[in-house]
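Could you look this one over with me? I've jotted down a few points to go with it.

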Amino acid sequence: MSVGIKRIIRSFSEREGGFFVFLRAQCSAQLATVLDFAVTLFLFYLCSLGYVYATFAGALSGAVLNCVVNYEWTFKASGLDKRGIIFKYLLVWGGSVLLNTWGTYFFTEWMQHASCLNALFALLGEHCFLVAKVLTAVLVGCGWNYFLQRSFVYRPVRMNFHLKKKQNR
């Protein structure tokens with residue numbers, strides 16, 4: 001790799017600010033999405049697992065990769081408490097998995113029953129869930145994941161989970 005390309009990559013990786021964080025988050029999301037789709041396609045086509053279960057397993061694998069990359073590189077959160085990050089990430093990821101799984105299901109079922117999409121469904125057949133998965137992934141990624149990861153998960157928010165015992169009067 002040439003010195004100029006390495007310098008550009010290093011500059012991109014080290015810059016702070018909203019736009020550069022957003023670009024790094026998109027790179028991280030793309031890596032996670034590639035893994036998500038690879039696992040989903042493998043389980044659906046080669047293991048004959050149902051598309052809802054395959055979507056869930058793909059989302060799980062992508063989430064683990066995304067969390068690690070975001071922690072180390074995207075948001076540079078290595079100084080923050082890992083337990084707090086994991087807890088907050090699991091909350092956001094839980095919502096993301098539900099939105100992705102049920103969004104894929106909803107759009108797939110809708111496409112199968114929408115008369116205006118009969119030609120598309122006839123063309124794609126059982127593969128129409130991939131269109132639904134892509135549509136859902138884009139909506140959830142932009143409308144849920146990035147916003148909550150940036151504003152909640154990788155922020156130094158102190159989370160106190162210990163409830164004080166009531167003192168006897």
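Here are my notes, point by point.

1. First, the ground rules. This is a predicted model, where local features need pLDDT of at least 70, side-chain atom pairs count only at pLDDT 80 or more, and totals for chains, interfaces and linings use all residues. Residues are numbered from 1 along each chain as its sequence is written, and side-chain values use heavy atoms, with hydrogens and water left out.

2. Now the layout. The chain has 6 helices and 0 strands (DSSP runs: H or I of at least four residues for helices, E of at least two for strands, numbered from the N terminus). Along the sequence that reads α-α-α-α-α-α.

3. Have a look at helix α6, residues 128-153: there's a kink of about 45° centred on G141. The bend is the angle between axes fitted to the seven residues ending there and the seven starting there.

4. Which residues of α6 are buried? Among them are C128, F129, V140, Y146 and V153. Buried means under 20% relative accessible area, exposed over 50%, and partly exposed in between, with a 1.4 Å probe and protein chains only. Over the whole chain of 169 residues, 33% are buried.

5. On to cysteines. C67 counts as buried because its relative accessibility is 14%, while C47, at 42%, counts as partly exposed. The disulfide count is 0, using a cut-off of cysteine sulfur atoms within 2.5 Å.

6. Lastly, contacts (heavy atoms within 4.5 Å). Of those between residues at least 6 apart in sequence, 71% join residues at least 24 apart.
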